[in-house]
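Hi,

Here is the structure I said I would pass on. Have a look at it, and then read on for my notes.

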Amino acid sequence: MNGGTSFMSMLDRYRKPGGFAQLLSLIETCHESKQEKLLEVIGQEDRRWSETVRAKMLSIERIYAWSDETLAEIFGTLQDLTVAVALSVAEPDFKARITSFFSHGRIRKIDELLSSKGPTPAEVSATHLKIVEAVRKMGNDGFLRFESIDPALVINEDIDDYLAHPPLPGENAPLKKFTAGSVKTPQPQSQSPTRPRVLHSYSHLSEHVGTQVEASGNVMVTSTPASQAPSSEPSESRLVELQNLKKRVADLSKENATLRHELSMAKAKLDQIKKIA
């Protein structure tokens with residue numbers, strides 16, 4: 001049995017509910033060279049699978065391109081050694097961005113780890129995969145909202161049903177539904193009124209602030225007739241208010257990252273005490 005036939009059998013096992021997420025997790029946790037080989041084999045059997053996996057797959061480069069608020073959430077939960085190894089090969093600008101989220105005490109610990117013997121390429125690669133796994137888990141657990149961070153990462157509930165059945169002749173359009181994320185084309189405002197956004201206690205902080213900003217923006221648009229343009233003073237005040245809200249979100253995200261790290265340290269100490277007892 002050749003390699004292609006062997007992998008075809010493995011791919012067939014993933015044509016079931018939850019199968020795509022399992023395969024995605026498998027490929028995400030492989031080293032880059034193995035990832036490419038697997039994706040090439042998958043593409044030879046079913047192009048839709050390979051393209052969809054590529055669109056939904058996390059990578060360290062993809063994560064590093066996210067906003068400061070999101071990175072603060074992520075790095076606030078990572079262990080100091082993991083952060084130190086990751087920053088040892090990161091660009092200086094990126095290192096400065098990440099350390100700006102930390103307390104002075106944590107920065108000192110990371111600097112001490114960075115001053116020791118540098119990690120090997122294998123250790124760096126393993127650390128990057130550990131970060132990818134951590135981010136995927138945060139997304140699955142609801143700590144990260146991929147629909148607002150990177151919509152293309154959202155996995156639709158019917159993706160397994162779509163991938164499990166071969167497309168009809170000439171059926172290529174539905175692929176965009178799964179590789180482009182859950183972004184819907186906005187409709188003109190005149191067709192239907194804007195539905196209010198439903199927030200929950202576990203909704204991301206930026207969603208709550210964003211809803212406040214949208215609400216204030218809607219008041220300005222709907223309450224001002226076309227013949228009466230708003231004066232510059234209200235516009236400037238709203239701009240200042242928006243900037244203050246963004247700054248508040250950033251500050252709270254940094255504070256949240258610090259608290260998450262302190263909580264993880266406290267849990268580790270508690271586990272050690274339990275073992276001693």
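Predicted model: local features only at pLDDT ≥ 70, side-chain atom pairs only at ≥ 80, totals over all residues.

**Helix 2 against helix 3**

Leu23, Ile27 and Glu28 in helix 2 are in contact with Gln35, Leu38, Leu39 and Ile42 in helix 3, where contact means heavy atoms within 4.5 Å. By class, that contact has 5 nonpolar, 1 polar and 1 charged residues. For the classes, Ala, Val, Leu, Ile, Met, Phe, Trp, Tyr, Cys and Pro count as nonpolar, Asp, Glu, Lys and Arg as charged, and the others, Gly among them, as polar. Helix 2 and helix 3 (residues 32-45) pack at an angle of about 145°, and their axes are 9 Å apart. Those axes are lines fitted to C-alpha atoms, for helices over the stretch in contact, and the angles run from 0 to 180 degrees between N-to-C directions.

Glu36 is also in helix 3, and it is partly exposed, with a relative accessible area of 33%. On that scale, buried means under 20% relative accessible area, exposed over 50%, and partly exposed in between (1.4 Å probe, protein chains only).

Residues are numbered from 1 along each chain as its sequence is written, and side-chain values use heavy atoms, with hydrogens and water left out.

The protein chain comes to 15 helices and 0 strands; both are DSSP runs numbered from the N terminus (helices H or I, at least four residues; strands E, at least two). Of its 277 residues, 32% are buried. The accessible surface is about 17500 Å², and 56% of that belongs to carbon and sulfur atoms; the areas come from the Shrake-Rupley method with a 1.4 Å probe, and for residues only the protein chains shown count as cover. Among contacts with a separation of 6 or more, 71% are between residues 24 or more positions apart.

**Salt bridges**

How many salt bridges does a search of the whole structure find? There are 12, counting a side-chain nitrogen of Lys or Arg within 4 Å of a carboxyl oxygen of Asp or Glu.

One of them joins Glu28 and Arg136, at 2.5 Å from N to O. Glu28 lies in helix 2 (residues 19-28) and Arg136 in helix 10 (residues 121-140), so this pair ties together parts that are 108 residues apart in sequence. Both Glu28 and Arg136 are buried.

Another pairs Asp80 with Arg106, at 2.8 Å from N to O. This one links distant parts of the chain, with Asp80 in helix 7 (residues 80-88) and Arg106 in helix 9 (residues 104-115), 26 residues apart. Asp80 counts as buried at 12% relative accessibility, and Arg106 is buried at 3%. Helix 7 itself is mostly covered, with 7 of its 9 residues buried; among them are Val83, Ala84 and Val85.

Arg145 and Glu147 form a salt bridge too, at 3.4 Å from N to O. Here Arg145 is buried at 17%, whereas Glu147 is partly exposed at 44%. There is also a network of salt bridges linking Asp12, Arg15, Glu45, Asp46 and Arg48.

Leaving out residues up to four places away in sequence, Leu58 touches Glu28, Ile63, Trp66, Val132, Val135, Arg136 and Leu153. That list includes Glu28 and Arg136, the salt-bridge pair from above. The C-alpha atoms of Leu58 and Glu133 are separated by 8.8 Å, and the two are 75 residues apart along the chain.

**Where to be careful**

The average pLDDT (the predictor's confidence in each residue, from 0 to 100) is 75 for the protein chain, and 57% of the residues score at least 70.

Cheers
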